Amino acid sequence: MKMSTVLIPAGGKAPGKMKDNGLGRLIASGYAAYNAKSDELVLLPLGLFLRRTLRERIECALAGEAVQPVQMADGTGGTRSIAERYIKDFTEIARAFSMETEQGILLEGYEQDPAAAEERMERIGELLRETVAGAGITATAGREATAEGVRRRLLTPADGKARKGADGLACPRCGWSAQPDSLIEQRFHPADEEAGEPLQEVHTPGANTIRELCRQLQVEPHRTLKTMFYTVGEGDRARVVAALIRGHRNLSMAKLRRHFGGASVRRAKPAELREAIGDVAGYLGPVGLSESVTIVADSGVEGARNVVVGANRPDCHSTGACWGRDFRAQTVTDLALLEPGLPCPACGDTLEEASLRPLATLQLQTEPLTGKDMVRKKGRDGVTEYAYRWAGEIDLGQLAASLGDRLRERPLPEGFAPFDVCVVPAESGAGPTWERALQLIERLRRAGLQVLLDDRGLDGEVKFSQAERLAIPFRVLIGKETADGHAELYRPDGTWEELPVQSVGDELCGCR
């Protein structure tokens, strides 16, 4: 393709109000334009080429999970009608579909049971993570608690404030990222190993906060337990639940709701507390609670020894409380919010606040489909099973902006850029440098490489500078100062050298 035939306004600056640095670099490189007044982003030809390349790479990767690309004739609607028409048995391979939209790629699939759907989503999430890793993007395929269940998201830290991104946390060392309600298998506080001390009640007047309790008893917050009471469910099914968490952590309501299957969860009212355990707000603890109270503990509480807990008496706490001896929980799960200052689960460095790009989202739908066409007969016993649907979306715009994030250090990665090579001859239309450029381009095209030729009649230095901004992996500069029959080859790793044009062609064709 010739630059004289395509709109590529490279050489500008990122808009002053654009806080998304990755997107700003794409704008400055001629991939997009931005209207600050309307907050409108317009993809220019290079941006559309980049989007097409990303879509093709993603669809190629999804093929490994037998995801079938489809498209509605009018560009609207989902794949439900396709599934109803063609899925008759869960042994069939075509049970997952993708469809391109204005925002990216919609995904939808159908499985025999929720476990199979979760496994499929997990595999797709890992496949997408490996695919973007090939572009130099560090992404985390995590799980988040929602009222509807568990949502899987592929997240990566943004450079600056991501446009339409999400607030979260990231590790500055390894790039691991998550949102506050992300589910973490790793325990942030291991089981205490010291010998158990006797349970002893102490007078703590006015110590109805962790800070005041720690001041009075001269203990660290992690040596205390919070016992918080909630009412789960409505009406006759409502019950009082005690949630246990270390004193230095905060509880995630989304995780608590998820644990109870998305049921209504709210703080227990004083009347409900008095009926269950008495009027001792601020001094509640897990020791000696009524059997009518369900206890659920954060994973960091399991194995706790010699911690301070409420004594269920006004102005009193108990020291030396031990898990298993003095209290226990019916269930143990991850209930804690992720917050800055915690160790990174991947490398142990300290997590910091970050703006995150959600590259992909996947979630199991809460109810099975029961339409008459979405069924499967199980053998000859006549038992009918219904399909469980999962759905998601891949955001190609956020993925492109993530590539823009890495432009600070290097050009776009090979295989993800809209062009493989940019050839810039100092002379255009005639002369030996122009002829060498055309001969090189013809050879590269025969090898299957996508080539952009700067055929504009501009000063050579101007064209060289703009070619660098385009962030195409390889640049070939054929200038007046190079030796006869030679060219300068600039590689993605930042190295360059002057070589015979024949050698430049040999190296670039070898890359393919």
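The model is predicted, so local features need pLDDT of at least 70, side-chain atom pairs count only at pLDDT 80 or more, and totals for chains, interfaces and linings use all residues. Residues are numbered from 1 along each chain as its sequence is written, and side-chain values use heavy atoms, with hydrogens and water left out.

Start with the nonpolar cores. A nonpolar core is a set of buried Ala, Val, Leu, Ile, Met, Phe, Trp, Tyr and Cys residues joined through side-chain atoms within 4.5 Å. Buried means under 20% relative accessible area, exposed means over 50%, and partly exposed lies in between (1.4 Å probe, protein chains only). The largest core holds 54 residues. Leu-107, Trp-390, Ile-394 and Leu-470 have the most contacts inside it. Helix α2 (residues 45-62) supplies the largest share of this core, with 6 residues. Another core lies apart from it and has 20 residues, among them Leu-284, Val-293, Trp-323 and Ala-329. Helices (H or I, at least four residues) and strands (E, at least two) are DSSP runs, numbered from the N terminus.

Next comes helix α8. The buried residues include Leu-396, Gln-398, Leu-399 and Asp-405. At the start of α8, Asp-395 brings a side-chain oxygen to within 3.0 Å of the backbone nitrogen of Gly-397.

Where is empty space left? Rolling a probe the size of a water molecule over the atoms shows this. The search uses a 1 Å grid over the protein atoms alone, and a cavity is a set of points where a 1.4 Å probe fits but cannot get out. Grid points are joined across faces, edges and corners, and a volume is the space filled by probe spheres set on the points. Across the whole structure, 3 cavities of 30 Å³ or more are found. The largest cavity has a volume of about 100 Å³. Its lining has 14 residues, where a lining residue has an atom within 4 Å of a point. Phe-188, Arg-249, Asp-298, Ser-299 and Ala-336 lie nearest the centre of this cavity. By class, the lining has 4 nonpolar, 5 polar and 5 charged residues. Here Ala, Val, Leu, Ile, Met, Phe, Trp, Tyr, Cys and Pro count as nonpolar, Asp, Glu, Lys and Arg as charged, and the others, Gly among them, as polar.

Turn to the cysteines. A disulfide is a covalent bond between the sulfur atoms of two cysteines. The criterion is a pair of cysteine sulfur atoms within 2.5 Å. The structure holds 0 disulfides. Cys-344 is buried at 2% relative accessibility. Cys-422 is also buried, with a relative accessible area of 0%.

Arg-246 sits in strand β13 (residues 239-246). Is this arginine buried or exposed? Arg-246 is buried, with a relative accessible area of 1%. Its side chain makes a polar contact with the side chain of Asp-192 at 3.2 Å. The Arg-246 side chain also reaches the backbone oxygen of His-222, at 2.9 Å. A polar contact is a pair of N or O atoms within 3.5 Å; within protein, one must be able to donate a hydrogen and the other to accept it, and residues adjacent in sequence count only if both atoms are side-chain atoms.

Some residue pairs set sequence against space. Ala-254 lies in helix α6 (residues 253-259) and is buried at 16% relative accessible area. Ala-254 and Glu-144 are 110 residues apart along the chain, with their C-alpha atoms separated by 8.6 Å. Arg-163 and Pro-190 are 27 residues apart in sequence and 38 Å apart in space, C-alpha to C-alpha. Arg-163 is in the loop between β7 (149-157) and β8 (166-170).

Last, the backbone. Most residues other than glycine have a negative phi. Ala-66 has a positive phi, near 60°, and is placed in the loop between α2 and β3 (67-69). Asn-306 has a positive phi too, near 55°. Its place is the loop between β15 (294-298) and β16 (307-310). Ala-66 is buried at 16% relative accessible area, and Asn-306 is buried at 10%.

Notes. 1 Å grid on protein atoms, 1.4 Å probe; cavity = no way out; pocket = protein on both sides within 12 Å on 5 of 7 lines; lining within 4 Å.
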